[in-house]
Structure formats: C-alpha cells, structure tokens
Amino acid sequence: MADCRRVPLLLILMCVLLFVHPIRGENNVVAKLAANAENLQNPAGGLGPAVVNPVAPERNQGAGASLTRRRTTGWKLAEEAVCREDLTRLCPKHSWNNNLAVLECLQDKKEETEIAAECNHLLWNYKLNLTTDPKFESVAVEVCKTTISEIKECAAEELGKGYLVSCLVDHRGNITDYQCNQYITKMTTIIFSDYRLICGFMDRCLEDINALRCGSISTGEKDIHSQGEVIACLEKGLVREAEEQPGAHHIKDDCKKAIMRVAELSSDDFHLDRYLYFACRDDREHFCENALAGEGRVYKCLFNHKFEEAMSERCREALTTRQKLIAQDYKVSYSLAKACKSDLRKYRCSVDSNMPRAREARLSYLLLCLESAVHRGRIVSGECQGEMMDYRRMLMEDFSLSPEIVLNCRSEIEDQCSGLHRKGRTLHCLMKVGRSDIGAIEPNCQKALQALIQEADPGADYRIDRALNEACESVIQTACKHIRSGDPMILSCLMEHLYTEKMVQDCEHRLLELQYFIARDWKLDPILYKKCQGDAARLCHTHGWNETSEMMPPGAIFSCLYRHAYRSVEQGRRLSRDCKVEVQRILHQRALDVKLDPELQRRCMTDLGKWCSEKTETGQELECLQDHLEDLMTDCSYVVGNLTVLESEDIQIEALLMRACEPVIQAYCHEVADNQIDTGDLMECLVQNKHQKEMNEKCAVGVTHFQLIQIKDFRFSYKFKTACKEDVLKLCPNIKKKVDVVICLSTTVRNDTLQDAKEQRVSVKCRKQLRVEEVEMSEDIRLEPELYDSCKQDINRLCQNVAFGNAQVIECLKENKRQLTLRCHQRIFKLQEVEMVDPELDYQLMRVCKHMIRRFCTESEGKNVLQCLKQNKNSELMDPKCKQMITKRQITQNTDYRLNPVLRKACKADIPKFCQSILNKATADSELEGQVISCLKLKYADQRLSPDCEDQIRVILQESALDYRLDPQLQIHCTQEISSLCPEEAAAQEQTGQVEECLKVNLLKIKQEGCKKEVLNMLKESKADIFVDPVLHTACALDIKHHCAAIPPGKGRQMSCLMEALQDKRVRLQPECKKRLQDRIEMWSYAAKVAPAEGFSDLAMQVMTSPSKNYILTVIAVGVSLLFLVGMLCGRFTKRVTQELKDR
C-alpha cells in the first residue's frame, strides 16, 4: 500500500464528527486509544506541520512548537493556551481531560463559531501525528488481530508506516469484531476531518482543487477542521463533468477515484460528509431527530424529506450532490451496497473494473441488472428490493440525478419545463412534451427518458412515480382498492378506468404520460414480461430484460407478439394462453389512445396531421384513420388495417366501446363477453341487439362505425373472413371491399339456386355467414356504399330528419319513391326486388314483424316469410304495426309484378301473352306502376288466365278491393277524387273497401277519365267474383250461404247465383244484400253505357253478367233460330234454281 491506494477512498469522510459519543474510557479500546492520544511522543522532537505538510505557512509554527513542548506523558489539549479560550467556550467541562472528546467537540462546532487560527493549527498537527504514530498502529494490531488475519490485504501491509490503519478504515464495512470496529470508527472520524490527512489524496487532487478553485489548502485561509467544502466543490465538479455542462473541468482519473472512494467510505454516517453535515444539521434535527446515526439511516431520512418546503436550500443542494454521486457509483450508498451485496455477486452485477465510474458501478446498471433478475423470477432479497425501491423512486423524483437527462434534455427543460424540479414534475413535463407530437423533443432526450423509465421501472410499482402516486391516490382508493398496494396491476386498473367517471383529470394526464413510455418497451409491463418472455424469445428473438437493441424500433416486440396472438391452430407458432391473455389486456388498454401504440404513431403521424388534426376527443384519432383508410399512406394503411383485423376478432380491444356498451352486453351478450378468447361473436351480438332499449347512443354509434369500417375490407369481418376466405379466393379473386365480396358471393348463390345447380359453389359455412352479413348490411344504408352514394342527395332532401340505422332511411326513401332522383330510384327498385325475393333481407319487415313471424311462420322458409305474413294479415292475433308493414310491402309488390316473385312465377306464361305491349315499354330498373297487374286483372275478368296465375290475381283482387292503396293505378289516377269525394273513408285507420265503394257510388261525379276508367274496371272485375267486391260480399254473406252454398267461387258463378235469386220472387234476400245488388246492377248498366265492350269477349262477359242475361240469351237464341230457318229456306230455293239450269 505504498501508494496509499485505498486511503483516498476515505475522502468524503472528512466529516470527522461522525461519532459524537464522548469517550470516557469506559471501554478498553477507547481507553487505549485515549491513552495513546495523551502519551503521544514526537520522534523528531516536534509535531510541526512542516514534517508532513510542507506547504503550511510558517506563521503557524508557533502552535507546532507549543505542541513539542508538551509533557512526555499526560499531555492535554485543554492545557494549551492557544485553545483554552475556545475550549472553555465551546466544549463541556467533562470532556477537557479527553483529547479525543475535545477533537470531536471542536470539529462539530456550529458554522458561525470561530476558532482561533493558532488553535486550529495546533489541532491539525495533533491529528496528523495521531494518525501516523506507531502506537496507534500497535493498538490496531492488538485490537484488530482477528480482523487483520481475515482481511488478507491488511495482513500484507508493512507496519510502521500508517498503512495498516488506512487499510482497516478502507475495509471497515467488512469488520465484524465490535472492539475493532469501534476503534476504526474513531480513527475514521479523525482521518476524515480533513482531506489532507488522507494518505495520498492531496497528491492526487491538488491540481484539480486549484483548477476548480475549490479553496486554498494553506493553513489558516480556511477552517482546516471543516474542509468538507473542498470535497463538496470537487464533487460538484465531478457532477458537472458527468453532465457535460458548458465549461466543465476534466478531473483526473486518479482524483475521481479518490473522490468517489471518500464518498463511499462516508456513506454509512452523515457525520463523515462534513459539508453535508454542516449544511443539514438543522434539517436533521427538524426531520430526522429520531433517526439513529450509522448505516446511512440519516441520509435516507433526509433524502425522503428533500422536497419538503421546510427543507433548507443549502441542505437540499448538498443532498442532491450526494444523490448524483450515488447515481454514478451505487457504493456511495452504504445501505444499498450492503443490502444488495450478495445479490450483486450472485447475479454477477458487479464486475470489477479499473475504469473510473465503471459501467458496472453505475446505479442504473445495478438497478437494471437486479430488476432483470426479479423479472426473470429469480430471488432477490427483500432488503435489497426495498433499497432498490427507494432509489428508483429517487430517480423518478429528481431528473437532475440522471446525467443523460440533464445533458440531452437541457433545451426542453429550459423552454418548457423550467421551475418544476420537485416531486418528479419535470420528468412528467418532459414526458408530456414527448408524447404530444413526434419530434417535439430531440431523439437523444427521448432516448434518455426511455432509459430512465427502464431504470426506475415504475410499471412494477406505481409508488415509484411520486407525481403519479399523488395524482391518482383518490382513484386508487375508490376504483382499485381491491388490489394490494404496490401491485403491478394497479397501473392496469387505472388504465381500465381511464375516461370513466372515477378518473380525475390530473391522474389521467400523469397516467398517459407514463404509459406512453411504458408502451414503447414491452418489458416495462412486468406482468406482460413475466407471461410472455418465453414466447418473445421463441417468436421475436428478444434480448434479456436489461439489454436493448438499437436496431429494434419502439414497440416492435409487442407488435410481434400481437401478430402471433391471433394465429389459428393451422397457422402454428401461436402464443401460450397466458401470454395471449396479457397481450389482449395491453391491446384493450392501448386502444384508448393512439399514442400508446408506438408503431401506429410512428407510421401514421403524417396521416394523423393531414386527416385527423381536429379529432381531439378520446378514441377519435383511430376512428378517423379507419374512416380514411383508402387515403392513408401505405405504411399507415397497413398498420391500421392490421389493427382493425384484430379488432374484428376481439372487439374488446375497443375499451371505450365496451364501456359504452356495458348495459347491452350485460343484458344480451354476457355469455360471449365472458369468453376469454373472442372470435367476433361479441360484435355480432352487439349488431344484432343494436336497437334494444338498453342500447345507448355512444354504443350504437361505435357499433355502426365498426360496421362501416368492415365494409372497406372483408378481412375486417373476422367471422366472415374465416367462413368465406376460401370461397372468396376461388369465386371472387381480386375483390377487396366487403360489400363487393358479399354481392359477388350472394349472386353466385342466387344463380346456383335459380339454375337448380346440383352442387352449390359457395360452401355451406360461407352461405350461412353470408346471410348474416347481408342482414347486417340491410340495417343501415351506409353499409351499402353504392346505394348510399346514389341516394345521398335524396336523403338530404327528403330524409334529413331521419336517423340512420334500423333501415329507417331506406324506408323513408321507399315511401318517397316517386320523388327520388332517377339514379336513386333505380337503386331502390333493385333493392326492393332483392328484398321481395328474400324477405329476410328486409330489415324493417323482419324487425317490426319479429314476434308475428315466430307466431305464424315458424315452419316457413325464409323466402316465404312475407307470403306467410300476408296470409295471416287479417288474423285477430296479428300485431297492428306488423299488419301495417305487411300492407306497405303489398303496396310495393303491386307496383310491379317483378316485385312479387310468387306472381311472377305463376304468371310466367300469361304476362308475355297478354301484356307484351306493356313489357315493351318497360325498363329493367324502374316500376311499371301496376300496369302489368292491371292487365292481368282484366284478363282475369275475361277468364282467360291460366289456373295458377288466376289464383294469384284473385288474391290480389281480393286484397286491393279491401284497400285501395294496393291498387297503384287507382292511386295514381284517383288521388284527387279520393281526397275530394271520399276523405272520411280514406282517413279510416282500417281499410275495408269503403274507399272503393265510395268511388263506385260517386262514379257519375268523377270527372277525370283515368280515374273513371279505373272505377269501371273495378266494376267489371267485381262481376267476375263476388270476393272482389268486399262490401257486397259482406252484405250478402248469409244469402250466399243459404242460396249459393253449392256454387263454387270464381268465374262469376256466385254472382250469377245471387242475380238469379234477386230475379226470383220466391227467394227473399237480406235487405242489405238486395239493396247492394240493385246498386251494382245500376252501376253495371251505367258502365256498359259509358264503356261499351271493346271486343267479343267483353260483350260476352257483359251478357253473362247482365241481370237480363236470360232475356238476352232468349232473344239471341230466337234470332239465331230465325236466321237458321231463313238460311235453310234460301238454301232450298237456290238449290232448285241451280238444278233447273243444269237440266237445260
């Protein structure tokens, strides 16, 4: 130890006053030490400072001379004249006979107390000789015999040069023997009272002291018993150099080692850090009165109160400097080094290095190394973890303890975060700036912040982040009280309550600021790391917890994990179940804010600024990106597309949507919501129950938005993609939009069905899901983009007050069909044509008549639902709203035969045969306004239709006879007459043929030819079948039963029966029936005059249905007989003439 290589480590122990215990000789060791102090001899005949300290000024040599003149034995400092006055004034009388007690008293004097310069020099020379006297070494050998043998380095020291005591001081942390430890502690207080007493320290640091102007080393210019200011100055210089502050002086490596070693050796008791001791003496009494000296307890107590308002600024500055030294070398913290010593060795975290401020000595390296062990499930002692917790909290509270933050974030702090140094506010301010926009802070500052978050690891325990802890205390007490304090799940709980009524604004801000950085390193979520570290190593080639890769972009590992989270069994390389659950949890939380997804923010920042700058509300940014999916840049579109695909499988990722939909989920979807692994069932359930009373506006809007996003790409509908992927690739390649894929597949299914194909080209599972998608699309016009684009103008004009959803807008357009623009009209007609063929796609019909379908049509196929409802329309059990909806659909069907698939099939041959002229004028995508059906009605009256067609027309005639609205031609031509002649009948809620009866009665008053013709056609049709005339049928129901029961209906047979009964005086008809029949005869007579028969068939029909049928037929028979007789006679006569001519 010739170069005193260990003693410099004692530097900061300048706080000689470490032990204020008065030494009264009650202990043998102390007694020996005191005796040696009193019997100290001067081998050179004096103790002048020139012997050891040649730079000491000559003016103080008198003090040295005084000391040389002391008695050989029993000499007392109190007897020296130069110190008597100061001793009497400052030290208690009982300490005067003990030189060491006098030293302690004078060294711990108050700052404002002055000691005479001669006394100062006398004391310094006394201490110098004391530390180098062989007698003290002999005491050390005697008292520390066992310890010396245990410490090999000290056993090897050469005796007689003072090296042994220095070695023991250097290793005093390893001394277990009580007496030896007490002896060395006393020696430490003496040695560390002045840096010049430490062997070799002045040689190493003299140049740096002068360069930094840390104070003169000349005796008398400073209080040589409180040279802590010199050490403090060097320490500050060391910190400035580490932070690369402008003008920082480069301290020599040897001096750096000496400074750090002194700080380390003063770490157990704050008395040894003389500058800090004097700076914080009052604060110690105020805050840490009960903290015992030793083992760094006073330091820790003062650190905990550093940001208290009552803490003096000078003490706070001294504490900060010491914390910065701890950040550079963890061994400067006695309690941390002691608590974690075995763990550091166990996990190889303290590799020896000769470099100053070696990487392995940095506090950050220690924290990362031990945190890595904890996260890997290794055992780290509770005491060590407690110390780590304290220092992690310390790093989060004061940004200045991290040189990288000070160096790289200087401009950001000055510009945006000045004046916020306490309680972690500066760090949170930097985090806030960092998450505001990419580029808001310099990359190096961002990197430094990320590194600090990893070192402090607040994700493992929210209490480490004091700003977050204070801001969220109330939320934790209410929303997360069921979770143990300090549990990592507290942060997860806070995220789950983000944007809820339990969350407070300050907590929300602090939480998002921290989560922004945690989201950029998957390892900072301890639960995720614990469950997924194996999967990440297997699938994503990750490094250790405390290792990072510069080539790996933020969030890349988590992106890799979630890409594997939703792989199917067939695809392989899947996550473990536990890991997948955690990945889903993180996805659910990050969906709350687009900035919590590093990959999304990085790739979409340009698009966010371009398309979504005004979308500042929660969750709006992602919705905006999805809305503009087609406009996004390729990279952004890819990320948003992938995220949307994940949402389609697990909509619970949309946490805000799930909160809004909680009532609906609890009422209707709790079974699928409880499944840990969602496969699109929950969203399907929400869509199906979108219009339940529990559905609120936020939930409905969110569900509809997701439906709108799904139409952009069929992959966004997980169940549809899963069921139909192979069919799409085979039948609809190169088609991406979901609506186009649905049309393609449904067209294929329809064609196969119509052509009676032996085998459907679309698979069964796809056809089943296709039906679900078609029904969902029919619910909202926006889910059919081509229809919506075609009708947008009409919607704004005619349906501006109608809400989307529930097919209400589509229904509005249908009701205003005659006012639509041509393009929209054509689209609506095509839609109705599809709906009539497949009524299950008629959302309004299926919704309104849901219960009636269950009641009447459970056994009917989907395509026959409307037909079934029509047949049960007049049932007493029929719901009025459903009945009204059925009537609407009947009105629609009667506008065009193509909208009535049953009629179209039954009259397939009759329509082109009898109504070709109308077909020639028709277009493929517009209604014929009932012209074809009117044509078929007339042919029905002529009894010329095929049986199947006749049956269908009879039904239509019967239905339209009860409700004039089912006759489009009548509505078109008689609107004005109905409103003027029959307003009361038209206003009736229940239509029973009264409007038609009114028009018939007022036939003579009708002026418009078109309307008159339609009424005459009704009269003509009523002759063909009494069922077509509901008023007459009702009036004559009993008479038909009594007189015409054997007559089958149809072809005018029952009408003829009633007419005959009317002519037969023996038959007594009901008065109402008789009156109605007489009215009909008059109407028919008038009709015959107004509308003569257009052909032989019309004439024959009029004769057969005339009341004077028998008379007319008799006249016609007589006439025909007469013509026959005349013909016979004329024929005989001409034959005779011809014979005579032949005879000639």
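Are Glu 811 and Arg 889 buried or exposed? Both are buried, where buried means under 20% relative accessible area, exposed over 50% and partly exposed in between (1.4 Å probe, protein chains only). Keep in mind that this is a predicted model, in which local features need pLDDT of at least 70, side-chain atom pairs count only at pLDDT 80 or more, and totals for chains, interfaces and linings use all residues. Residues are numbered from 1 along each chain as its sequence is written, and side-chain values use heavy atoms, leaving out hydrogens and water.

Residues are numbered from 1 along each chain as its sequence is written, and side-chain values use heavy atoms, leaving out hydrogens and water.

The side chains of Glu 811 and Arg 889 meet in a salt bridge of 2.9 Å, N to O; the term stands for a side-chain nitrogen of Lys or Arg within 4 Å of a carboxyl oxygen of Asp or Glu. This pair links helix α43 (residues 808-815) with helix α48 (residues 880-895), 78 residues apart. Helices here are DSSP runs of H or I with at least four residues, numbered from the N terminus. By this rule there are 59 salt bridges.

Another one joins Arg 827 and Glu 786 at 3.3 Å, N to O. Arg 827 belongs to helix α44 (residues 822-837) and Glu 786 to helix α42 (residues 785-798), so the bridge ties together parts 41 residues apart in sequence. Arg 827 is partly exposed at 36%, and Glu 786 is too, at 42%.

Now turn to the nonpolar cores, sets of buried Ala, Val, Leu, Ile, Met, Phe, Trp, Tyr and Cys residues joined through side-chain atoms within 4.5 Å. The largest has 107 residues, and Leu 370 is among those with the most contacts inside it. Apart from this core lies another, of 33 residues, including Trp 1084.

Definitions and conventions
Helices (H or I, at least four residues) and strands (E, at least two) are DSSP runs, numbered from the N terminus.
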